[in-house]
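Let's walk through this structure together, moving from a whole chain down to single residues. Keep the viewer open as you read.

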4 protein chains.
Amino acid sequence: MATTQASPAPLRITVWNEGRHERQNATIAARYPSGIHGAVAEGIAEHLGEGAVVRTATMDEPEHGLTESVLAETDVLTWWGHLSHREVSDEVVERVRRRVLAGMGLIVLHSGHWSKIFTRLMGTTCTLRWRNAGDREVVWTVAPSHPIAAGVPHPFVIEQQEMYGEFFDIPAPDELVFISSFSGGEVFRSGCTFRRGNGKIFYFSPGDQDYPVYHHPHVRRVIANAVTWAAPDGPAEKPRLIHSETGWFETGGDATA
Amino acid sequence: MATTQASPAPLRITVWNEGRHERQNATIAARYPSGIHGAVAEGIAEHLGEGAVVRTATMDEPEHGLTESVLAETDVLTWWGHLSHREVSDEVVERVRRRVLAGMGLIVLHSGHWSKIFTRLMGTTCTLRWRNAGDREVVWTVAPSHPIAAGVPHPFVIEQQEMYGEFFDIPAPDELVFISSFSGGEVFRSGCTFRRGNGKIFYFSPGDQDYPVYHHPHVRRVIANAVTWAAPDGPAEKPRLIHSETGWFETGGDATA
Amino acid sequence: MATTQASPAPLRITVWNEGRHERQNATIAARYPSGIHGAVAEGIAEHLGEGAVVRTATMDEPEHGLTESVLAETDVLTWWGHLSHREVSDEVVERVRRRVLAGMGLIVLHSGHWSKIFTRLMGTTCTLRWRNAGDREVVWTVAPSHPIAAGVPHPFVIEQQEMYGEFFDIPAPDELVFISSFSGGEVFRSGCTFRRGNGKIFYFSPGDQDYPVYHHPHVRRVIANAVTWAAPDGPAEKPRLIHSETGWFETGGDATA
Amino acid sequence: MATTQASPAPLRITVWNEGRHERQNATIAARYPSGIHGAVAEGIAEHLGEGAVVRTATMDEPEHGLTESVLAETDVLTWWGHLSHREVSDEVVERVRRRVLAGMGLIVLHSGHWSKIFTRLMGTTCTLRWRNAGDREVVWTVAPSHPIAAGVPHPFVIEQQEMYGEFFDIPAPDELVFISSFSGGEVFRSGCTFRRGNGKIFYFSPGDQDYPVYHHPHVRRVIANAVTWAAPDGPAEKPRLIHSETGWFETGGDATA
């Protein structure tokens with residue numbers, strides 16, 4: 001039995017993409033005619049429907065499309081980058097980081113593992129093994145009660161993928177949701193959650209410019225689930241993490257006042 | 001901006017209570033005129049409204065009110081017991097355990113830490129320190145991005161409470177959401193999540209027959225949040241955990257078929 | 001530069017084995033001429049030398065060889081069983097469990113995942129997928145700073161093994177040390193730590209009666225590392241977990257006295 | 001019974017301190033006549049004896065006393081700073097970070113929570129509440145099987161301390177060992193482990209320039225325990241985390257070669 005009631009305001013999603021592969025390589029452009037960001041955004045919209053308003057932003061827009069006002073109106077940001085991590089402005093990275101610590105969700109996809117924003121939030125090198133040889137990836141759920149795993153088969157298969165293998169130099173995730181295997185015998189912690197400050201982060205490794213992974217129905221479902229999971233929870237009174245003039249974060253006052 | 005759409009079916013909540021203190025002691029009966037279960041159920045209904053259908057069950061009903069059919073129609077079960085843990089039927093405990101491992105959420109409250117169902121699911125003694133002397137409890141959020149902490153102040157205060165202190169002999173929780181302090185200087189991991197099988201468990205320590213804790217607005221909000229968090233997530237294809245005739249659980253077949 | 005000083009008393013290890021496969025099957029007996037327990041004990045002695053005193057105990061000894069006095073003199077117990085989990089006496093299981101919660105280390109090997117002692121301590125079904133078809137297992141380290149992973153290559157390979165695959169129905173481990181892949185594309189959390197009460201538990205999946213896995217040098221190194229890790233740490237003043245006459249565990253008194 | 005055998009080479013410990021409070025304030029100088037670093041070093045030496053070689057380094061030495069060669073010969077580094085976090089050279093911080101990720105242990109003490117090295121490794125703000133009013137701190141063990149808690153009472157009391165309270169903006173620790181309470185009712189996760197890359201990190205909050213905390217016997221024991229725990233484990237073949245000319249860390253090659 002379903003009831004009818006006013007739904008909450010839709011989630012505001014910003015899908016960020018470097019957006020250069022698609023302009024430099026005709027094969028990739030044909031695979032992702034609306035860009036990798038377009039495919040990711042379509043997948044989210046497909047699942048969340050009226051529950052989400054999805055926009056995109058890319059590297060070569062002013063401020064990479066991530067102005068203060070865009071971020072202020074973003075509940076969850078997804079991030080895909082590969083060729084040009086070092087060209088991302090440190091100022092924008094710090095702006096995103098502050099928003100995540102203040103509560104914005106962040107979904108880091110595939111080669112985004114080496115983005116400035118992810119390595120900065122993790123504190124580690126985020127290095128891994130890789131091999132681009134069309135491996136078959138099998139994605140296994142190891143946290144079956146987790147909402148990010150809802151509705152996807154156990155396991156699901158991506159027929160061709162770049163191999164990402166351990167050791168993946170990340171902090172032990174707060175929750176390990178997926179582990180993948182590859183044809184070569186490698187394994188990878190492919191779905192990992194991290195809470196940082198007031199924000200939630202999900203890293204999901206499937207996805208590459210050389211394979212149509214963002215058209216894969218289960219990959220799309222996982223990303224949509226992750227967006228829902230990472231959204232800030234209601235009008236909570238969160239601890240205030242204040243960025244002062246001196247560059248340090250501070251809270252003040254007595255605890256029990 | 002809110003949109004109008006069909007809401008999902010309401011959560012089906014069963015609030016379980018031993019229900020004996022209230023019948024044996026006039027002071028407690030006056031404090032909880034509809035029973036501890038009544039107060040817990042009211043708090044949930046207050047927050048979830050049409051999003052939940054709440055029923056109650058108590059110790060002295062046949063099968064403790066937890067028949068197979070009641071459990072089959074329960075998404076989340078809350079548990080309060082104190083005087084009579086050992087009188088709870090082993091058969092019912094195993095029935096509840098199987099449902100939790102199959103995906104039903106479980107919220108264990110206060111003195112439920114020594115219930116058969118909680119100790120059986122944890123595998124440890126679940127012992128703790130305690131003192132019933134009207135301590136002031138201050139509840140601090142240590143996972144501010146967790147949905148169970150949404151909407152409650154940091155910290156919130158319970159003016160009078162039974163003291164529960166460390167060492168609390170539980171497995172390290174998957175997520176530690178709240179830590180409490182008490183007037184005597186004790187600390188307690190008062191809000192803890194645990195994933196087990198396909199199910200989610202939340203232990204929350206505030207609440208006692210000798211204090212009006214289940215009328216406390218923030219305690220009610222936390223319990224309602226926990227119920228929402230612990231609900232099974234959609235029509236996921238979960239791993240099958242099968243209870244065979246021999247008493248063992250089994251899954252079979254090849255992994256990637 | 002090494003100094004000479006009095007070493008601590010050697011660790012007291014008890015290697016427990018069901019010990020029936022080796023008596024019932026000539027091929028297995030040839031593979032493990034001193035029993036699976038013999039091979040495990042040799043591997044530990046090989047690595048720990050004078051630092052350990054290793055004895056064995058088996059199913060068909062009185063009280064399964066695990067009397068109160070044997071357990072009282074055991075710092076770390078290793079457990080291998082397969083055919084006869086249900087024949088292990090509940091009384092002995094409870095005795096072992098109490099010793100683990102009081103501080104004794106426990107190493108559970110391979111098919112021991114379905115032992116009474118492991119499922120009782122975990123609280124879950126501990127079920128998994130399996131296939132006995134000579135898969136190649138590749139064992140990857142995902143916690144390179146963990147002492148249990150010291151000295152083994154990343155990855156190491158077991159040429160022939162029974163496949164154990166996810167979903168493995170255990171609580172999320174406190175620390176995930178190893179993940180294995182198998183020829184069929186399955187993955188498995190093959191090395192997991194769990195703290196329970198005052199004791200430490202390590203589950204390690206490699207090892208089977210049908211393959212010479214306990215003669216494998218890296219498997220032996222891991223088990224020896226795990227024994228060292230799981231040993232109780234010095235003369236600590238641990239929380240007292242008391243088993244009272246009523247069957248409940250209790251601690252008493254004020255916290256800060 | 002103890003045996004005599006060659007001991008392993010002693011641990012090489014470097015105790016780092018800002019070292020300015022003691023030069024600027026006669027009261028603090030009287031409290032810590034050999035500096036805070038001197039007191040920390042004495043406590044470690046007291047417990048580890050011939051098992052450790054302890055040296056110190058301070059802010060105002062060239063390269064803060066942390067040259068490449070000093071770090072190359074350091075197994076575990078302890079860090080205390082307060083007044084001058086921002087004056088620590090970014091180059092030295094990055095050098096220390098690379099050594100931690102390569103396997104060196106790091107113990108961060110008290111106000112070191114806002115050091116560049118700790119915030120860089122955590123990725124969060126590491127902010128907290130504080131009040132310098134001589135609170136009584138009670139330190140409770142919540143991981144009684146952890147070697148860092150060995151040999152200290154549960155709880156132990158520090159009669160006068162600066163208050164540090166939640167929310168402490170750190171990643172959820174891999175293992176939570178201690179929780180403290182303060183006179184004002186605050187709580188704090190006062191002993192936390194973090195694995196990062198090949199290295200181990202322990203944060204321990206007790207200790208302040210205004211109180212004689214580093215003369216406290218249990219505080220000394222915990223720091224000595226932590227040093228032992230954080231030491232690299234043997235000649236392990238660790239994953240290689242390579243710092244390339246481009247500033248990125250890389251590993252290469254096939255996984256199973």
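**A tour of the chains**

In chain A, 71% of the contacts with a separation of 6 or more are between residues 24 or more positions apart, where contact means heavy atoms within 4.5 Å. Before going further, please note that this is a predicted model, in which local features need pLDDT of at least 70, side-chain atom pairs count only at pLDDT 80 or more, and totals for chains, interfaces and linings use all residues. Residues are numbered from 1 along each chain as its sequence is written, chains are lettered from A and ligands numbered from 1 in the order in which they are written, and side-chain values use heavy atoms, with hydrogens and water left out.

Let's stay with chain A for a moment. Its secondary structure consists of seven helices and 12 strands; helices (H or I, at least four residues) and strands (E, at least two) are DSSP runs, numbered from the N terminus. Of the 257 residues in chain A, 66% are buried. Here buried means under 20% relative accessible area, exposed means over 50%, and partly exposed lies in between, with a 1.4 Å probe and protein chains only. The accessible surface of chain A is about 8500 Å², and carbon and sulfur atoms hold 51% of that area. Such areas come from the Shrake-Rupley method with a 1.4 Å probe, and for residues only the protein chains shown count as cover.

An unreviewed UniProt entry carries the annotation "domain: ThuA-like" for residues 12-230 of chain A. UniProt positions are given in the numbering used here, feature names are shortened, and annotations may be inferred rather than shown by experiment. Over residues 12-230, chain A is 29% helix and 32% strand, and the end C-alpha atoms of this stretch are 12 Å apart.

Now zoom in on one residue of chain A. A:Glu162 sits in strand S7 (residues 156-165). Leaving out residues up to four places away in sequence, A:Glu162 touches A:His110, A:Trp130, A:Arg131, A:Asn132, A:Phe182, A:Asp208 and A:Tyr211.

D:Ser205 belongs to the loop between strand S10 (199-204) and helix H7 (217-230), and its relative accessibility of 2% is why it counts as buried. Beyond its neighbours within four places in sequence, D:Ser205 is in contact with D:His110, D:Glu137, D:Gln161, D:Tyr164, D:Phe188 and D:Ser190. The C-alpha atoms of D:Ser205 and D:Ser180 are separated by 9.1 Å, and the two residues are 25 apart along the chain.

Next, turn to how helices pack. In chain C, helix H3 (residues 35-48) and helix H7 (residues 217-230) meet at an angle of about 70°, and their axes are 8 Å apart. Axes are lines fitted to C-alpha atoms, for helices over the stretch in contact, and angles run from 0 to 180 degrees between N-to-C directions. H3(C) and H7(C) are therefore roughly perpendicular; angles under 35 degrees count as roughly parallel, over 145 as roughly antiparallel, 65 to 115 as roughly perpendicular and the rest as oblique. Residues in this contact include C:Ala39, C:Val40 and C:Ile44 of H3(C), and C:Ile223, C:Ala224 and C:Val227 of H7(C). By class, the contact of H3(C) with H7(C) has eight nonpolar, three polar and four charged residues. Ala, Val, Leu, Ile, Met, Phe, Trp, Tyr, Cys and Pro count as nonpolar, Asp, Glu, Lys and Arg as charged, and the others, Gly among them, as polar.

Finally, look at the backbone. Most residues other than glycine have a negative phi, and most peptide bonds are trans. The bond from B:Glu166 to B:Phe167 is cis, with omega near 10°, and B:Phe167 lies in the loop between strands S7 (156-165) and S8 (175-182) of chain B. In chain D, a cis peptide bond joins D:Glu166 and D:Phe167, with omega about 10°. B:His64 has a positive phi of about 55° and is buried, with 11% relative accessibility. C:Glu63 has a positive phi near 50°, and its relative accessible area of 41% makes it partly exposed.
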